[in-house]
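I set out to look up the fold, the core, the surface and the charged pairs of this protein. The entries below follow the order in which I looked.

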Amino acid sequence: IDQVLIHQKVELLEAFIGFETNNQYEIKNSLGQKIYKAKEKNDCCTRNCCGSLRSFDMKITDNMDREVIRLIRPFRCVSCCCPCCLQEVCPKHLPGVSVWLK
């Protein structure tokens, strides 16, 4: 894979009334073929009260719905006064799955 394209699925509830839902994404190759899908998981209060600062657990699965990697983002401060507490995403490698990140 020389390139990936990530498209967020638009939820009607979110588009019409602004109520945040768990984000879902399609991950495609340069030919536009869907190779993975990603689903964010967190609770309603976190999504709607913390906005883009929210913590989440995101599962990335292949077309056979097998989990290939998990991304975990803990809730963190966004102040530049505390550079040790800035946002970070931690990839969790799953046993028996090969994923190359460059």
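**Entry 1. Burial and surface.** I began with burial: 23% of the 102 residues in the protein are buried. I note at the outset that the model is predicted. For the accessible surface of the protein I recorded about 7,400 Å². Carbon and sulfur atoms hold 59% of that surface.

**Entry 2. Elements.** I then listed the secondary structure and found two helices and six strands. Read from the N terminus, the order is β-α-β-β-α-β-β-β. I also looked up the contacts with a separation of 6 or more, and 25% of them join residues 24 or more positions apart.

**Entry 3. Strand pairing.** How many bridges join β2 to β3? I found five, between residues 24-29 and residues 34-41, with the strands running antiparallel.

**Entry 4. The largest nonpolar core.** I looked up which residues make up the largest nonpolar core and found nine: Y25, I27, I35, A38, F56, M58, I60, V68 and I69. At least two residues of this core come from each of β2, β3, β4 and β5 (67-73). The most comes from β4, which supplies three.

Entry 5. Is T61 buried or exposed? T61 counts as buried, because its relative accessibility is 7%, below the 20% limit. Leaving aside residues up to four places away in sequence, I found T61 touching I35, Y36, K37, R66, E67 and V68.

E26 and T61 are 35 residues apart in sequence, with their C-alpha atoms 10.0 Å apart. E26 lies in strand β2. With residues up to four places away in sequence again left out, E26 touches L5, I6, H7, K9, K34 and Y36.

**Entry 6. The loop between β4 and β5.** I looked at M64, which is placed in the loop between β4 and β5. M64 is exposed because its relative accessible area is 63%, above the 50% limit. Its C-alpha atom is 9.2 Å from that of Y36, although M64 and Y36 are 28 residues apart in sequence.

**Entry 7. Salt bridges.** I found five salt bridges in the structure. In one of them, the side chains of D65 and K37 meet at 3.5 Å, N to O. This pair links distant parts of the chain, since D65 is in the loop between β4 and β5 and K37 is in strand β3, 28 residues apart. I recorded D65 as exposed, at 52% relative accessible area, and K37 as partly exposed, at 26%.

A further salt bridge joins D57 and R70, with 3.3 Å between the closest N and O atoms. Here too the pair links distant parts of the chain: D57 is in strand β4 and R70 in strand β5, 13 residues apart. D57 is partly exposed at 22% relative accessible area, and R70 is partly exposed at 25% relative accessibility. I also found D57 and R70 linked with E67 in a network of salt bridges.

R66 and D62 form a salt bridge as well, their closest N and O atoms being 2.9 Å apart. I noted that D62 counts as buried because its relative accessibility is 11%, under the 20% limit.

**Entry 8. A nonpolar surface patch.** Which residues form a nonpolar patch on the surface? I found L12, L13, F16, I17 and F19, which together have about 570 Å² of accessible area. Of these I looked up L13, which is placed in helix α1 (residues 12-17). L13 is partly exposed, with 44% relative accessible area.

Notes: Residues are numbered from 1 along each chain as its sequence is written. This is a predicted model: local features need pLDDT of at least 70, side-chain atom pairs count only at pLDDT 80 or more; totals for chains, interfaces and linings use all residues. Side-chain values use heavy atoms; hydrogens and water are left out. Two strands pair if DSSP finds at least two bridges between them. Helices (H or I, at least four residues) and strands (E, at least two) are DSSP runs, numbered from the N terminus. Patches are made of residues with over 30% relative accessible area and no salt bridge: like charges are joined within 9 Å, nonpolar side chains (Val, Leu, Ile, Met, Phe, Trp, Tyr) within 5 Å. Accessible areas come from the Shrake-Rupley method with a 1.4 Å probe; for residues, only the protein chains shown count as cover. A salt bridge is a side-chain nitrogen of Lys or Arg within 4 Å of a carboxyl oxygen of Asp or Glu. Buried means under 20% relative accessible area, exposed over 50%, partly exposed in between (1.4 Å probe, protein chains only). A nonpolar core is a set of buried Ala, Val, Leu, Ile, Met, Phe, Trp, Tyr and Cys residues joined through side-chain atoms within 4.5 Å. Contact means heavy atoms within 4.5 Å.
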